[in-house]
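Me: Please take a close look at a single part of this model, and tell me how it is built and what it packs against.

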Amino acid sequence: MDFNVKKLASDAGVFFSRAMQFTEEKLGQAEKTELDAHFENLLARADSTKNWTEKILRQTEVLLQPNPSARVEEFLYEKLDRKVPSRVTNGELLAQYMTEAANDFGPGTPYGKTLIKVGETQRRLGAAERDFIHSASINFLTPLRNFLEGDWRTISKERRILQNCRLDLDACKARLKKAKAAEAKAALWSDEVEKAEHELRLTQTEFDRQAEVTRLLLEGISSTHVNHLRCLHEFVESQTNYYAQCYQYMLDLQKQLGSSKGEIFSGTFVGNTESSSPPPAATSPPAVGAATLPAVPTIPVVPTIVGVPNTVAESVLNPNEVKPPASGTRKARVLYDYEAADSSELALLADEMITVYSLPGMDPDWLIGERGNQKGKVPVTYLELLS
């Protein structure tokens, strides 16, 4: 019992002495033992490493899991040392919705078929994302966390001990100084001076030992950088593989959908594909209002003239027999390259200027275009009509 009381009293005395020394240093009333420049540089480098590692860790977590609630849930599972439950990725969820929609609309319809194809690609993208997140967590996030929760905690603990040793050392220096001043006034050897010198030797030894321990730990930051560099390379490799997979999946999907573009845009899929009415003999060109359709210039388009007999249509659209009207011609700038489907059409090059006009009975989605001695039908959606 007496031992515990004495220990508590001793600890309280040490704490009070350190607090007094720290306060007097802040007020400029006490001297402070300064660390050498190399040691200060090690401290600054360690603090910088810790701060930037925390920021990189947090932002990487946001990159891999943008949902704050999900991040909190994963954090709690890790703290409870429990396995984080598997979570469906956004791509996999989208794939599920697309597949269900395809089954509802009819998997045999053009829209249903496309939904199934796109949904399958989204599922593959989601699975690739899951693999990337798992790889990045193990190879990049875990080493960063281990440093902050392991090595950095040890460094922080030893730095606190070093700080206490320094405060004790400076307090002993101050006591010795006071004891010597009192001795000089009394003109005799004081027991207080001898005691203060003994305490100073002990605290100096403890401070030097702790400074060496802390210095070795701080110099280990270089090894930490090397380890984090290796982890960073692995993170970049995982991310590269992930995006390469995504790119390949999208290329495959684009090829699958490319074969059905002509069917979709040529008008074979109009509302109810199961209608008993026979398909038109020829398809119509893209609608004037469909501003995005020119982005697919490879779609075959075979224009017709609605309500006009074929013989008339052929005579009207025969470039050799077309005569420009006396008025009504306009200049137009070509927006996209266009490859003529037959001799009645005029091939176009992006950004060139041509003269255009319309003829009675002609499909409103098409105009007659002239370039020098060449003339032929041109799609309106490929042109910017100038005033």
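Reply: Two residues are in contact when heavy atoms of theirs lie within 4.5 Å. The model is predicted, with local features needing pLDDT of at least 70 and side-chain atom pairs pLDDT 80 or more, while totals for chains, interfaces and linings use all residues. Residues are numbered from 1 along each chain as its sequence is written, and side-chain values use heavy atoms, without hydrogens and water.

Helix α2 covers residues 37-64, and its 28 residues reach 40 Å from the first C-alpha to the last, close to the 40 Å expected at 1.5 Å a residue, where the expectation is 1.5 Å times one less than the number of residues. At its N-terminal end α2 is capped by D36, which places a side-chain oxygen 3.1 Å from the backbone nitrogen of H38.

Along α2, the residues F39, L42, L43, A46, T49, T53, L57, T60 and L64 are buried, that is, under 20% relative accessible area with a 1.4 Å probe, protein chains only. H38, F39, L42, L43 and A46 of α2 meet A211, T214, R215, L218 and E219 of α6. The axes of α2 and α6 (residues 191-219), lines fitted to C-alpha atoms over the stretch in contact, come within 9 Å and cross at roughly 50°.

Key: Helix = DSSP H or I, 4+ residues; strand = E, 2+ residues; numbered from the N terminus. Buried < 20%, exposed > 50% of the residue type's maximum accessible area, 1.4 Å probe, protein only. Polar contact = N/O pair within 3.5 Å; in protein donor to acceptor, adjacent residues only side chain to side chain. Axes fitted to C-alpha atoms, helices over the stretch in contact; angles between N-to-C directions.
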